[in-house]
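The structure comes first, and my notes follow.

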Amino acid sequence: MGNSICKICDNEKGNTFFEAKEMMFGFRDPFTYLKCAGCGAVQLMDVPEDMGKYYPQNYYSYTTTESTTFSFKKWRQGQVYNHHFGKKNVMGAFLSLFSSRPAIWMNRKYLTLGSSILDVGSGAGKLLLELQRGGFTNLTGVDPFLEKDIVYTGGLNIYKKEFTAISETFDFIMFHHSFEHMNHPLQIFSHLYKILNKNSYALIRIPVADSFSFKKYETDWVNLDPPRHIFLHTIKSIQLLASKVGLELKETIYDANQFQFYGSELYKHNIPLDEYNRGLHPDIFTKSQMRKYRAEAKRLNKSKDGDWICFYLYKPSGFS
């Protein structure tokens with residue numbers, strides 16, 4: 001199991017252990033986590049040597065090499081993104097009133113259409129293709145669990161490699177629910193600082209352990225997700241990592257949704273997420289329940305207690 005010292009803040013007093021099962025695919029393999037009494041971070045004690053079993057080919061982020069052919073939905077989204085990020089157009093303004101608005105994390109304070117963007121843990125590149133349709137022109141993805149590199153038209157490349165093997169520098173580096181899958185977080189932050197351009201931003205979107213849903217569901221919390229989620233951070237642990245490498249935490253935005261509730265309820269009733277996604281339990285949640293879950297998620301985000309947070313980290317020019 002290893003020792004009881006937190007890998008984030010080195011605290012060893014008052015730390016506790018608990019066991020949770022893999023439930024996304026229903027393997028139900030048990031794993032032990034440490035919860036730090038200092039920074040609050042939750043960390044997997046023994047990372048499997050071969051994680052391939054837990055990232056099968058039907059893992060959600062690898063199941064698409066999305067078509068680049070035309071569709072109205074893609075065109076509509078592209079018009080809105082172009083309008084939102086500076087290429088003002090009447091059609092984009094009109095469409096944005098009704099649908100296809102940019103996600104909450106897409107903030108004009110932090111990135112532009114011309115920003116060089118790296119998506120870490122990009123999977124097959126669905127998000128990057130959305131950005132490309134929206135007028136973003138300098139896009140790269142990296143994911144070690146791909147079968148091979150993927151080359152799309154328009155200069156969009158996705159590489160099968162570890163983040164720490166990337167040497168190019170970028171204006172905006174984003175981790176969309178990938179940082180929690182990575183071991184050695186201080187090493188990741190150090191490399192992030194190294195390849196992030198000065199006066200530029202990084203985005204880390206992750207589930208957090210200092211949230212209502214983790215406290216409510218504990219080992220059944222869907223976003224614990226053993227063993228894929230190696231570290232479940234808190235605001236305190238992210239601030240600590242940032243300060244160690246010279247990054248500044250500029251803003252946090254809560255963007256959790258109803259998944260925290262219905263996923264956790266599935267696990268509470270010993271139902272794997274994969275079974276639910278394949279339609280094997282179609283009547284387990286009523287429309288009324290799902291509406292309540294959405295409303296509760298919105299309320300928690302407003303009160304800063306949702307279980308997903310967008311962390312915006314800044315590299316100032318004063319550091320080398």
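I began with Arg299, which I note as partly exposed because its relative accessible area is 46%. The model I am reading is predicted, so I keep in mind that each value here is computed from that model. Arg299 meets Glu296 in a salt bridge, with 2.8 Å from N to O, and I found both residues in helix H9 (residues 287-302), 3 residues apart, about one turn of the helix. Glu296 is also on my list as partly exposed, since its relative accessible area is 23%.

Next I looked up Arg278, whose side chain meets that of Asp274 in a salt bridge at 3.0 Å, N to O. Is Asp274 buried or exposed? I noted Asp274 as buried, because its relative accessibility is 16%, whereas Arg278 counts as exposed at 52%.

I then turned to Lys53, which forms a salt bridge with Asp29, the closest N and O atoms lying 2.8 Å apart. Lys53 sits in the loop between strand E3 (42-44) and helix H1 (72-84), while Asp29 sits in the loop between strand E1 (16-21) and strand E2 (30-35), so this pair ties together parts that are 24 residues apart in sequence. For Lys53 I wrote down partly exposed, at 41% relative accessibility, and for Asp29 buried, at 19%, because buried means under 20%.

Lastly, I recorded a network of salt bridges that links Glu22, Asp225 and Arg228. My search of the whole structure gave 8 salt bridges.

Notes: Residues are numbered from 1 along each chain as its sequence is written. This is a predicted model: local features need pLDDT of at least 70, side-chain atom pairs count only at pLDDT 80 or more; totals for chains, interfaces and linings use all residues. Side-chain values use heavy atoms; hydrogens and water are left out. A salt bridge is a side-chain nitrogen of Lys or Arg within 4 Å of a carboxyl oxygen of Asp or Glu. Helices (H or I, at least four residues) and strands (E, at least two) are DSSP runs, numbered from the N terminus. Buried means under 20% relative accessible area, exposed over 50%, partly exposed in between (1.4 Å probe, protein chains only).
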